[in-house]
Amino acid sequence: MNNAVKKHFIELLFFILLDFFTVSLCAKDFKILDTSNGLPDNTVKCFTQDSRGFMWLGTFNGLCRFDGAEFVIYRHDKNTSNSIVDNHVEALLSVGDYLWVGTTNGLSCYSQKEDLFYDCVYLSPSGEKKRIDVAIRNIICCNGLVFVLTTMDEIWVQKEGYVFIPCVYGKKMSWQAIANYKENLFLAYSTEGLFLIDAQKQAIVNQKLLDKHILSGCMMYYSQNQKTVYVGAGIGYAGRAFKINSELAEIVEESFALKDIKAIVDYQDKVLFGLDGGGIVELKDGEIVNYTSQNSNISSDAVHALFVDRRDCLWIGTYRGGVNFYSSYYDWFYTLTKNEEGLSHDIVTAIYPDGDKLYLGLDGGGLNIYDKKSGSLTVYSQQNSTISGNNILSICADSQYIWMAVYEKGLCRFSRTTHTFKNYDLFSIDKIYNANQVWDIQQGNDGNIWIIGSVVYLFNPKTESFTLVDGVYSASSILFDGDFVWISSTHTGLYKLDRKTRKICMHYHEKSEKVSLPSNFIRYMFMDSNHSIWLSTESAGLYRMDEQKGKIISYAERIELQNNKVVSIEEDGVGCLWLGTYNGLYKYDPKHDSFVHFGKMDNLWAGQFNYHACAQDNRFVYMGATKGLVWFEPQKIVYTHQTSPVYFTELELLNHSGSKVHLLGMEGKSVSLAYNQNFFTLFFSVPEMLTPDKVRFSCYMKGFEKGWQEIGTKRQVSYTNVPPGKYVFYVKSTDSSGKWSDKMSCLYIVITPPWWQTGWAWCLWILLLSGAIATAFWFYKHELNIKHLVQLKEIEKKQLVILMKQNYGFIRILRMNYVRLYF
């Protein structure tokens with residue numbers, strides 16, 4: 001067999017195997033992010049993760065930063081010189097606080113602390129600095145140096161700052177691809193062959209000359225898992241593989257038949273290939289698995305980028321399909337739905353696990369019997385059996401029969417051996433109106449079945465006789481507690497009955513003395529291993545009753561359960577409670593008094609859970625929902641608890657037309673605001689890709705607030721009318737399990753007073769006031785002096801008048817004496 005025939009045979013065998021594994025593969029679930037989630041474009045070409053943990057994505061319509069919850073978009077702005085050079089991003093690399101961004105119109109470097117983009121330049125032969133204005137295909141960092149591959153088939157290396165110079169390795173070559181290898185070595189692929197280059201010495205260490213070349217636009221990756229160099233050229237072209245036996249010895253090409261390769265990455269103990277039109281190929285120990293839109297929920301088969309972050313999560317960038325995100329944590333929950341042909345109807349309202357079989361009651365679909373081992377389904381409904389109705393709300397069983405509560409039809413029995421049904425009309429017993437409205441049935445240790453509904457009956461399966469339990473009406477659920485039975489009501493609260501005599505021992509309601517309930521309308525209840533009773537009320541929320549201590553503990557105000565209803569509860573082996581609600585699944589850890597929510601972000605698409613629809617066996621917990629059946633192993637649902645620090649991102653001024661202050665990297669530092677900038681919103685974030693919906697925040701503005709305020713999952717808080725002064729803003733977060741971190745991030749905020757309230761202004765005011773007082777005092781004294789002078793003048797004037805009068809009298813006497821003397 002010649003080489004050409006052998007090659008075609010290998011290729012044919014490869015694709016036969018690929019097709020086989022594509023068909024036989026179990027579906028893999030991805031979380032999909034696209035423009036509806038805030039992504040700027042559905043074509044994603046590259047990824048990187050910075051030192052803080054934020055993900056950066058390059059798209060056809062801009063660069064974006066992602067914290068797991070929100071996208072922040074960066075686009076070219078022709079009105080500023082410090083924006084990204086172009087919106088079409090092809091390559092990304094994070095080094096410290098800097099992000100290198102390769103676009104179709106050059107290279108930009110983004111300073112995260114400054115929030116500025118800088119255009120990168122190169123040194124021309126004449127020594128002149130010119131902007132890099134060619135398209136960038138790849139960027140790598142080796143031995144602390146940044147290397148850039150351009151569409152001009154050149155490799156440039158960073159000289160200093162944002163300045164690059166061309167790499168010359170003996171002679172000019174047409175470089176097609178570069179990739180990291182080891183420590184100070186990197187790989188370069190040219191039209192002449194494969195080269196191993198020392199980054200520090202800028203010299204070729206080894207080479208593999210080839211008699212053929214891959215066309216431009218190819219990519220290359222060194223797989224540590226396979227110890228192999230892979231080269232791909234995109235759609236329509238075959239890939240190549242090379243083994244490097246030793247760093248300085250030999251490079252050997254291996255047989256490799258995979259085509260259409262656009263991206264490659266090591267993931268766990270495998271190597272993944274992104275194909276342009278063929279989805280993802282997984283290779284491990286010669287075994288091949290292919291994920292496409294036919295056997296998984298991947299949004300596009302055109303995969304252009306692959307990346308593995310530091311939490312071992314897989315990021316898949318597609319052409320026009322957005323981002324596909326995968327983590328092994330997403331394999332926790334199993335579902336059975338009508339769409340998967342596992343059920344005849346989606347609304348699961350009753351569950352009874354029995355070995356490899358699951359007996360499922362459906363609201364509208366009758367009885368389904370699912371064999372977990374074979375995957376087969378048996379359906380019994382009014383259309384193919386004598387079952388009394390298709391709306392089954394509760395199931396219990398003994399060794400011979402499956403017993404079912406059928407809405408408005410009473411009790412129904414299914415024989416395990418003959419597969420026949422027998423129906424019991426409860427109305428015919430005592431002619432009680434609504435007697436067939438049954439919500440729950442439970443079988444006691446004595447074999448008798450308690451029937452809970454508008455009225456309560458005790459049914460003896462052996463004699464097939466019914467006994468009415470007096471005093472309890474509008475019952476909703478039942479619990480067995482040793483010698484007692486607890487029955488809840490939707491009208492009159494909670495009853496505790498003697499199990500043998502069926503007499504009411506205690507009645508708890510809104511006005512009862514020992515323990516008063518928050519509501520008489522109880523829809524569901526559950527007893528935990530500590531004999532506490534959990535009560536789910538219609539309008540007052542969730543409560544826990546400790547009868548011995550006479551206490552009622554409310555969970556209605558917990559932020560996790562606000563505006564929500566708990567409809568089913570199961571307790572696992574370590575005492576944690578699993579709560580099915582109208583808004584997903586919750587895990588309650590009594591040790592830390594914490595709730596953790598599971599929903600769409602955890603690949604749990606159950607919709608709304610249903611009342612009473614829960615059960616468990618020695619391995620799984622089962623819960624019924626409006627979108628099918630969900631089951632999981634509680635002991636496997638454990639997050640690797642990582643409490644990431646909270647990072648401040650920006651401050652938005654509310655009274656200055658939305659002006660923003662960049663805060664990234666400002667933790668523990670100070671920001672100063674003017675007195676008229678005292679209405680603002682602080683934004684912060686925790687880069688959490690797996691469980692962003694489980695991270696909750698609490699904050700405190702020291703000097704302005706009295707204590708901490710929990711704000712839930714919101715990543716911002718607003719303050720208004722903050723007076724001038726010095727403040728310290730603290731914020732902390734929880735981990736995925738709901739436990740609060742001891743680490744707090746702080747930001748010092750100084751609001752400066754207006755100029756007329758500054759220190760020098762107060763000095764001026766004091767001087768002015770003192771001058772005014774002095775001036776007033778002078779005027780006052782001056783006025784007193786004037787008054788005194790006036791008074792003196794008046795006195796003098798009066799004295800002068802008196803004197804003149806006296807003189808006039810004296811002169812008159814003299815005149816009279818003169819007359820007398822001479823005349």
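This is a predicted model: local features need pLDDT of at least 70, side-chain atom pairs count only at pLDDT 80 or more; totals for chains, interfaces and linings use all residues.
The largest nonpolar core comprises 51 residues. Phe47, Leu57, Trp315, Phe333, Leu579, Leu585 and Phe598 are those with the most contacts inside this core. For Phe333, leaving out residues up to four places away in sequence, the residues touched are Leu585, Phe598, Asp602, Leu604, Val630, Trp631, Phe632 and Ile637. Another core lies apart from the largest one and has 26 residues, including Leu651, Leu663, Phe680 and Phe697.

Asp371 belongs to strand β34, which covers residues 366–371. Asp371 is buried but has no salt bridge. The nearest side chain of opposite charge is that of Lys357, 5.6 Å away, whereas a salt bridge requires nitrogen and carboxyl oxygen within 4 Å. Beyond its neighbours within four places in sequence, Asp371 is in contact with Asp356, Lys357 and Ser376.

Aromatic pairs number 64 in the structure. One of them joins Phe60 and Tyr319 edge-to-face, with 6.5 Å between the centres and 70° between the planes. Phe60 is in the loop between β3 (55–59) and β4 (62–66), and Tyr319 is in the loop between β29 (314–318) and β30 (323–326), so this pair ties together parts 259 residues apart in sequence. Phe60 counts as partly exposed because its relative accessibility is 31%, and Tyr319 is partly exposed at 31%.

Elsewhere, ring pairs link Phe648, Phe680, Phe684, Phe697, Phe704, Tyr719, Tyr727 and Phe729 into a cluster.

Arg523 is placed over the face of Tyr611, 4.0 Å from the ring centre. Lys732 has its charged end over the ring of Trp708, at 4.7 Å from the centre.

Definitions and conventions
Residues are numbered from 1 along each chain as its sequence is written. Side-chain values use heavy atoms; hydrogens and water are left out. A nonpolar core is a set of buried Ala, Val, Leu, Ile, Met, Phe, Trp, Tyr and Cys residues joined through side-chain atoms within 4.5 Å. Buried means under 20% relative accessible area, exposed over 50%, partly exposed in between (1.4 Å probe, protein chains only). Contact means heavy atoms within 4.5 Å. Helices (H or I, at least four residues) and strands (E, at least two) are DSSP runs, numbered from the N terminus. Lys and Arg count as positive and Asp and Glu as negative; His and the chain ends are not counted. Rings of Phe, Tyr and Trp (its six-membered ring) pair if their centres lie within 6.5 Å; planes under 30 degrees apart count as stacked, over 60 as edge-to-face and the rest as tilted. A charge sits over a ring if NZ of Lys or CZ of Arg is within 6 Å of the ring centre and within 35 degrees of the ring normal.
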